[in-house]
Amino acid sequence: LYVDHPLGEGQSVPLERDQAHYLFGVMRLGVGSAVSVFNGQDGEWRAEVSQAGKRGGELMCIAQTKPLQIPPDLWLLFAPIKKARTDFIVEKATEMGAARIIPVQTDFTNYERIRQDRLQAHAVEAAEQCGGTYVPEVTDLQKLGRLLDDWPSDRNLMFCDEAEVGSAKTLGQATGDKWAILIGPEGGFSPAERDRLKAHSQTYVVALGPRILRADTAAVAAMTIWQQALGD
Ligand code: SAM
């Protein structure tokens, strides 16, 4: 269970209404039941239900069961697509261990706004589901051009583009362990974006096989390829 509260030995953790509903109504737990909790910062803890009510409750932290597992410093930049597919990308990127998820607005992105709070909640659920102790930050929509203007000098960029010939083998030639993966929208990247991205000295162009993948498939494939080449 994800809680937005510090965790530590003997620490009591208040439960909100929806958490109480889930634990006591859906899971049928009661006072004394064991619950696994994490908050994205203090690792995973075994806790016990100390108060159970319809509108709330309380847990008591007993012992840490996992330390915080910080993922590799990998950002996923993607252009938002249809709602359900964007949700899918956030979920899968969380499961695959992205440290930060950045929805980007590109020349051919069809969406001007995203529900950052919804996407962040999806990341929390995905971390809960896969037993992770870390929740990636999902940022608000950012303009790709602006991101490139301020691109950190120590971060490599794996630019996924079906129009290019590029092998994942080149990733191993990069120095430094900070990375970002960039996936485009349904319409791909504009010629101007392609030129700019390719001119960037930290860019590694990678093709994800001979077929054009949908953006959500491409995000998962790209993260898998990156993990295989550089992840731990
Ligand atoms: N521009 C394409 C078109 O309309 O034919 C489709 C873009 S594709 C649906 C969405 C994004 O997924 C691309 O911008 C790229 O980042 C990534 N992608 C899909 N297939 C890929 C491949 N074979 N190699 C590299 N990237 C790929």
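Reader: How do the residues of the shell around the ligand divide into nonpolar, polar and charged?
Author: This is a predicted model, in which local features need pLDDT of at least 70 and side-chain atom pairs count only at pLDDT 80 or more, while totals for chains, interfaces and linings use all residues. Residues are numbered from 1 along each chain as its sequence is written. Ala, Val, Leu, Ile, Met, Phe, Trp, Tyr, Cys and Pro count as nonpolar, Asp, Glu, Lys and Arg as charged, and the others, Gly among them, as polar. On that division the shell has nine nonpolar, four polar and five charged residues.

Reader: Which of the 18 residues around the ligand come nearest?
Author: A residue is near a molecule or strand if its C-beta atom, placed from the backbone, lies within 6 Å of it. Of the 18 residues around the ligand, the nearest are Glu162, Gly184, Gly188, Leu208 and Ala218.

Reader: How far apart do the C-alpha centres of domain 1 and domain 2 lie?
Author: Domain bounds come from an automatic or database domain assignment. For this chain the assignment gives domain 1 as 12–66 and domain 2 as 74–230. The distance between their C-alpha centres is 34 Å.

Reader: What percentage of the 232 residues in the chain is buried?
Author: The chain has six helices and eleven strands; helices (H or I, at least four residues) and strands (E, at least two) are DSSP runs, numbered from the N terminus. Its C-alpha atoms fill a box of roughly 60 × 35 × 30 Å, taken along the principal axes. A residue is buried if 20 or more other C-beta atoms, placed from the backbone, lie within 10 Å of its own, exposed if 12 or fewer, and partly exposed in between. Of the 232 residues, the buried share is 32%.

Reader: Over how wide an arc do the buried residues of α1 lie?
Author: In helix α1, residues 17–26, the buried positions are Gln19, Ala20, Leu23 and Phe24. They sit on the same side of α1, because the arc they cover around the axis, taken from the directions from the helix axis to the C-beta atoms, is only 100 degrees.

Reader: Which exposed residues are carried on the face of α1 turned away from its buried side?
Author: The buried residues of α1 pack against β1 (12–15), β2 (34–38), β3 (44–52) and β4 (57–66). The face turned away from that buried side carries Arg17, Asp18, Gly25 and Val26.

Reader: What is the phi of Arg28, roughly?
Author: Arg28 is found in the loop between α1 and β2. There Arg28 is exposed, with 8 other C-beta atoms within 10 Å. Most residues other than glycine have a negative phi, and most peptide bonds are trans. Arg28 has a positive phi, near 60 degrees.

Reader: How many bridges join β3 to β4?
Author: Two strands pair if DSSP finds at least two bridges between them. β2 and β3 run antiparallel with five bridges, and Val37 has Trp45 as its bridge partner in β3. β3 and β4 form a hairpin with four residues between them, and Glu48 has Met60 as its bridge partner in β4. These two strands also run antiparallel, and the number of bridges is eight.

Reader: Which residue in the turn between β2 and β3 has a positive phi?
Author: β2 and β3 form a hairpin with five residues between them. With a phi of about 85 degrees, the residue in that turn is Gly40.

Reader: Which residues are in contact with Ser50, leaving aside its neighbours within four places in sequence?
Author: Ser50 is found in strand β3 and is partly exposed, with 14 other C-beta atoms within 10 Å. Two residues are in contact if their C-beta atoms, placed from the backbone, lie within 7 Å. With neighbours within four places in sequence left aside, the contacts of Ser50 are Ser12, Val31, Glu58, Leu59 and Met60.

Reader: Is strand β5 enclosed on one face or on both?
Author: Five of the five residues of β5, 74–78, are buried, so the strand is largely enclosed by the rest of the structure. Leu74, Leu76 and Phe78 lie on one side and Trp75 and Leu77 on the other, so with these residues buried the faces covered are both.

Reader: Which residue in β6 stands opposite Phe78?
Author: β5 runs parallel to β10 (residues 178–183), with five bridges, and Trp75 stands opposite Ala180 there. β5 also runs parallel to β6 (residues 100–105), with four bridges. In β6, the residue opposite Phe78 is Pro103.
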